[in-house]
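My notebook for today is open.

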Amino acid sequence: MNDDLQKSLSGVRADIDRIDGELLKLLNERARCAQRVGEIKAAHGEAGHIYRPEREAQVLRRLREANPGPLPGENVVFFFREVMSACLSLEQPLAIAFLGPLGTFSESAATRHFGHAARLQPQASIDDVFREVESGHAHYAVVPVENSTEGAVGRTMDLLLGTPLKICGEVVLRIHHNLLSHAADLGAIQRVYSHAQSLAQCHEWLNRMLPDVQRISVGSNAQAAQRAAEETGAAAIAGEAAAARYELPKLAENIEDEPNNTTRFLVLGRHDAGPSGCDKTSLIMSAPNRTGALHELLLPFSHAGVSLSRLESRPARNALWEYVFYVDIDGHREEEAVKRALDELGRRAAYLKILGSYPVAVY
């Protein structure tokens, strides 16, 4: 290395060392402020409410909008979410229930939303995820609710109907599937394990590349990776986290049929969120059994100028051929237009349950 190059690099590296020292000082200063917030809340009897989804969303949104580059906005969001996660853990590490085992997309969604300082609690089923928070054994749940390719996650939808939990956030995660196996090549694969939705999301690729291979549905992609790691001639369809955790080579990457394959997850807790300035409200409603009843339920939103971003029906499960409707609307339930629409809807609907208002995902 010539002297000029060494001198130039030494100057830049000195700048980096100086900046790192300043960052370290500022990060600890921020942590002390977070501790002070906890002390003030405790003094006013609010110690149990250490996580404020609307405040976190406002901070992340502001930093992303103020970012001058060259760091991409998503990297800025990731960095500051981890900073907030670490600061929050000084008060109390949040316990997060999700569909396990470790290595699932649900784990990735939980980590994306709560950061690596959260205490993750994998569960065997979506039912168990709900129960873990309902019983007070975890602070929050992260559950899949819909996929851009395969639609709604039925079990989550059904459990939302009866749970006392509220939606307080959402996570939107791009889903990239990989074929994982210790097999030398595709010709050595005899069976493929994965969750039913993942098998469906890779249906055309499997038809084309592994048309005669047995497809076996299991409870999660991480379970699939576990089995593929243990069995000769087995492969799994799973994500990066499962590949790393179970040390499985990737025989093929990004095998999902739709390149924009995305899953939306809900964050559930014993409270929803205050207004953040960019929010959604989710609800369940049912119509009286008469002609034009659904049209009547939609009129309050039109009258108040509130936009619907999602409308989906599910069997009511307590009566044959009766349905309930799951609705997402733009805005927070404390906003005047939304409040007006919900008041009118309450007078028209045979059943109405507000699932919660929460910030739109920041990523």
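I started with Arg314, which forms a salt bridge with Asp158, the closest N and O atoms being 2.9 Å apart. I used the rule that a salt bridge is a side-chain nitrogen of Lys or Arg within 4 Å of a carboxyl oxygen of Asp or Glu. This pair links distant parts of the chain: Arg314 sits in strand β13 and Asp158 in helix α6 (residues 154-162), 156 residues apart. Helices (H or I, at least four residues) and strands (E, at least two) are DSSP runs, numbered from the N terminus. Buried or exposed, I wondered about Arg314 and Asp158? Both are buried, where buried means under 20% relative accessible area, exposed over 50%, and partly exposed in between (1.4 Å probe, protein chains only).

A note on what I'm reading: this is a predicted model, where local features need pLDDT of at least 70, side-chain atom pairs count only at pLDDT 80 or more, and totals for chains, interfaces and linings use all residues. Residues are numbered from 1 along each chain as its sequence is written, and side-chain values use heavy atoms, with hydrogens and water left out.

Next I checked Arg131 and Asp128, whose side chains meet in a salt bridge at 2.4 Å, N to O. Both lie in helix α5 (residues 126-134), 3 residues apart, about one turn of the helix. Arg131 is partly exposed at 47% relative accessibility, and Asp128 is partly exposed at 21%.

How many salt bridges are there by this rule? I got 20. I also found a network of them linking Glu146, Glu170, Arg264, Lys280, Arg310, Glu312 and Asp328.

Then I went back to β13 and its sheet. I see 4 strands forming an open sheet in the order β13-β14-β12-β15, with antiparallel pairing. β13 (308-315) and β15 (351-359) stand at the edges with a single partner strand each, so one side of each has no neighbour in the sheet. Two strands pair if DSSP finds at least two bridges between them; β12 (residues 279-286) and β14 (residues 323-330) have 6. In that region, Thr281 stands opposite Ile329 in β14.

Last, the cysteines. With a disulfide taken as a pair of cysteine sulfur atoms within 2.5 Å, I counted 0 disulfides. Cys33 is partly exposed, at 49%, whereas Cys202 is buried at 0%.
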